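Student: I am new to this structure and would like to walk through it with you. Could we take it one question at a time?

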Amino acid sequence: MVGRTILRAGLAAALTSALLLLAPAPAVAQETIKLPAPETKGGMPLMDALTLRKSTRLYDDRALPPQVLSNLLWAAFGINRPESGGRTAPSARGANEIDIYVATPDAVRIYDPKANELRPHVSGDVRAKTSVLPFVRNAPVVLIYVADRVRMPKQSEEEQNQNAIADAAIIGQNVYLFAASAGLGTVILGSVDRKALPPAINLRTDQILTYTQPVGYPK
Ligand SMILES: Cc1cc2nc3c(=O)[nH]c(=O)nc-3n(C[C@H](O)[C@H](O)[C@H](O)COP(=O)(O)O)c2cc1C
């Protein structure tokens, strides 16, 4: 009896190890990418950018140059008041709970606005999982707006959900305006692949996946 129990336990352990081997490989860290300092002057006059703002769904697969990526991320949610850490987009109760995950053909990295760098997160191409719409896979960059409930401790779950959506959408509009000014195309997407994307980017249960937003040169 005892022998059989031990055998069963051994089999279960072996099965668990085999399943772990079959499970997708854990995320492999990529190197940090230091971004060039963002160019925070110039660009198109605001009224011209508003005139040109639109959604674009067809992209050239040309990569964004590092300077353009740095400018884009700064416009999205960078620090515009270093003395206070103030950001280019407002945030409910100043929680600054949105992290921008940056999906490129080789990896997903997280924008660190203070260090002005892209921190390694997971390796591999998750762009096709950022929306149920197939065109996203052609964009050289897809931004993924992820809210962290930990940074919203005094808010009810409903408030957290609502504020995460509002804050991400405002970042999205910054991206639209920057794109118009820089000759890029973009579209904010609610049609996120909510099944495939969370495990692909190791989303924690206390994070909220809001919108995704491909950016690229229009085709
Ligand atoms: C919250 C939000 C979610 C959106 N989700 C999608 C989407 O899933 N797929 C899509 O193709 N466009 C999406 N859009 C873009 C709208 O379809 C687009 O803004 C609208 O058709 C008006 O076009 P315009 O942006 O060119 O003015 C979304 C826009 C917003 C504000």
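Student: How many bridges join S1 to strand S6 (residues 117-123)?

Tutor: Welcome! First, this is a predicted model, in which local features need pLDDT of at least 70, side-chain atom pairs count only at pLDDT 80 or more, and totals for chains, interfaces and linings use all residues. Residues are numbered from 1 along each chain as its sequence is written. Strands (E, at least two residues) and helices (H or I, at least four) are DSSP runs numbered from the N terminus, and two strands pair if DSSP finds at least two bridges between them. S1 and S6 run antiparallel, and the number of bridges joining them is 2.

Student: Which residue of S6 is the bridge partner of Ile33?

Tutor: Ile33 lies in the stretch 33-34, which is strand S1, an edge strand that pairs on one side only. Its bridge partner in S6 is Leu118.

Student: In what order do the 7 strands of the open sheet come?

Tutor: The pairing in this sheet is antiparallel. Its edge strands are S1 and S8 (185-186). Reading across, the order is S1-S6-S5-S4-S7-S9-S8.

Student: Which residue takes a positive phi in the hairpin of S5 and S6?

Tutor: S5 and S6 run antiparallel and are joined by 6 bridges. Their hairpin has 4 residues between the strands. The residue with a positive phi, near 55°, is Asn116.

Student: How many residues of the contact of H3 with H4 are nonpolar?

Tutor: Residues are in contact if their C-beta atoms, placed from the backbone, lie within 7 Å; among those here are Val68 and Leu72 of H3 and Ile171 and Phe178 of H4. Ala, Val, Leu, Ile, Met, Phe, Trp, Tyr, Cys and Pro count as nonpolar, Asp, Glu, Lys and Arg as charged, and the others, Gly among them, as polar. The contact has no charged residues and 2 polar ones, and its nonpolar count is 9.

Notes. Two residues are in contact if their C-beta atoms, placed from the backbone, lie within 7 Å.
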